[in-house]
Amino acid sequence: MRKFTLFLITFFSLFSFLYGNSITSEGTGATEAAARADALSNLSFFFYTEVKSTVDASTSFTSKDDAVKKKSQMDKKVLVSTDMPLLGVEIKISDNGQTGKNKSYTASAKMEPEVCIPLYKNEVEKIKAVIEPKLRNLAKAKADRKDSIYVDLAKDYAQYEKHVMVLTAMKAESVPELSKTPEEFSAEYAQFSKNVTSLDKAAAMLVSEIPEALNGIFVYGPQFEGDSASTAFSRVMTQSILGKLGKRAEIEKVRSTYYMQGTYYMVPGSVDAEDMMMSYYLCKNDGSVVAASPLVRIPYSVYGQYNYLPASYNLTQEIAKGNVADPEFGVSVRINGDRKPQTFRSGDALEIEVRATQQCYIYIVGHVYNEKGEVFSYLFPFDIFADGKEQFVKRIPAKDVNKWVVVNPVDDEGEAIAFEVIPPYGEETLQVFALTTNDLEEVLSAIPDYKESDDYAIVRGSPVEVSTKTRGLAVKKAVKKASKVVHKAEGSITYSTHK
């Protein structure tokens, strides 16, 4: 029924319709339900060229018994290929008489204008009663609410147009009109769509160039000016992007096939309360770029409620200024196998690894910016069984040079102890200091004084002060022990935590 026969049905239906007669079609199937669905699908094909929307619409129709002339509502819903709302359809089904595998039924579907037009007008009035209050709400809604109202209205207008299209085709004398025509609404919505009025809308634009077929996408939080720190804004933005990706997103990096990495910055020359620019790249896990997002401009009214400047931004600048550009020596740090900024949830386990390009001693200072407003620095423990400052120093031997080494403390059986994310949540930076000296005493002298608390060995002073002071204490020459110059290096990573 889909090729030549369908063409004939459609042609003769159109021919009859043009002269004011019924619109009819036929369908066949191995069951009554299949025959009915085929007939309705063929009937809907008549309107196909006028369908401009694919919003889901279930069909409803009435049946008419030739003998009793009694109309009854059919509960069964059939989703036709063009999603056309078919109302007032008369269905008659006949058994073709075959048996077994050859069993088949024929269904005839008919739409009588005098029956259908009142039904469609009634539906249009119902849709109008839904649209008009939303239009009034739209006019007085705040910017962050307009996006969802526009989306709802677009669906309502699509239904309105479908029903009106059928009324027009049936040459109804009048059609219920809206205070804002579909053409006017469409033009207004198109103009509004160009403006970012919510983070969800920005997220939709950022994922718009990602092919629908791609799955397993891990999303990194966008970085401020490429900085490694995380912010409250970047965490919320990440959630919005994940929401737009839906089932295509992958929460665990180790299970992903692709990843999205983005950055944002303020419009050049602007100050606070100005627009923000953001973009993302979609990459395979081997680092090759698959797609790039458009550059999205986000106004302050959308992002301003979130903290968008990293709490550790001043520290990051301080690290950048003090980091020794030494081509002979370097040190890096990563968390759970990843050097990019990440967000962890309560209960997640963290594995800290360090890689150095020469044998050396290392120590780590952590800087905390938590949601309680607490800002402090602490020393990272490598050996929970050692006393004093020795617990905060670790040797990277020659055999581990240029290798990622797990630096978590170990238990009494030699097993690494994973750090667990616990409240309070917020932002944290791990800053690694490395020195190529062989003199442990010199390294211990560089470790700042601390005070024990329940969870931390706290170093006095702000993170910037601690970083500057600690760097200043770093050994420059081990004159008494060796004539060799002692190289120093720094590395850092920032991550955030939430419930």
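Predicted model: local features only at pLDDT ≥ 70, side-chain atom pairs only at ≥ 80, totals over all residues.
Biologist: Why is C116 called buried?

Modeller: Its relative accessible area is 0%. Buried means under 20%. So C116 is buried.

Biologist: What makes C283 buried?

Modeller: C283 has a relative accessible area of 6%. The cut-off is under 20%, so C283 counts as buried.

Biologist: How many disulfides does the rule give?

Modeller: The count comes to zero. A pair of cysteine sulfur atoms must lie within 2.5 Å to be called a disulfide.

Biologist: Why is T263 called partly exposed?

Modeller: Its relative accessibility is 27%. Buried needs under 20%, and exposed needs over 50%. The value for T263 falls in between, so T263 is partly exposed.

Biologist: Where in the chain is T263 found?

Modeller: In strand β8, which covers residues 258-266.

Biologist: What does the side chain of T263 reach?

Modeller: The backbone oxygen of Q223, at 2.9 Å. A polar contact is a pair of N or O atoms within 3.5 Å, so that distance meets the cut-off.

Biologist: How far is T263 from M278?

Modeller: They are 15 residues apart in sequence. In space, the C-alpha atoms are 5.8 Å apart.

Biologist: What about the protein chain as a whole?

Modeller: There are eleven helices and 24 strands. The chain has 499 residues, and 46% of them count as buried. Its accessible surface is about 25900 Å², with 51% belonging to carbon and sulfur atoms.

Biologist: Which share of the contacts with a separation of 6 or more joins residues 24 or more positions apart?

Modeller: That share is 72%.

Conventions: Residues numbered from 1 in each chain as written. Heavy atoms only, no water. Buried < 20%, exposed > 50% of the residue type's maximum accessible area, 1.4 Å probe, protein only. Helix = DSSP H or I, 4+ residues; strand = E, 2+ residues; numbered from the N terminus. Polar contact = N/O pair within 3.5 Å; in protein donor to acceptor, adjacent residues only side chain to side chain. Contact = heavy atoms within 4.5 Å. Areas by Shrake-Rupley, 256 points an atom, 1.4 Å probe, with all protein chains shown as cover.
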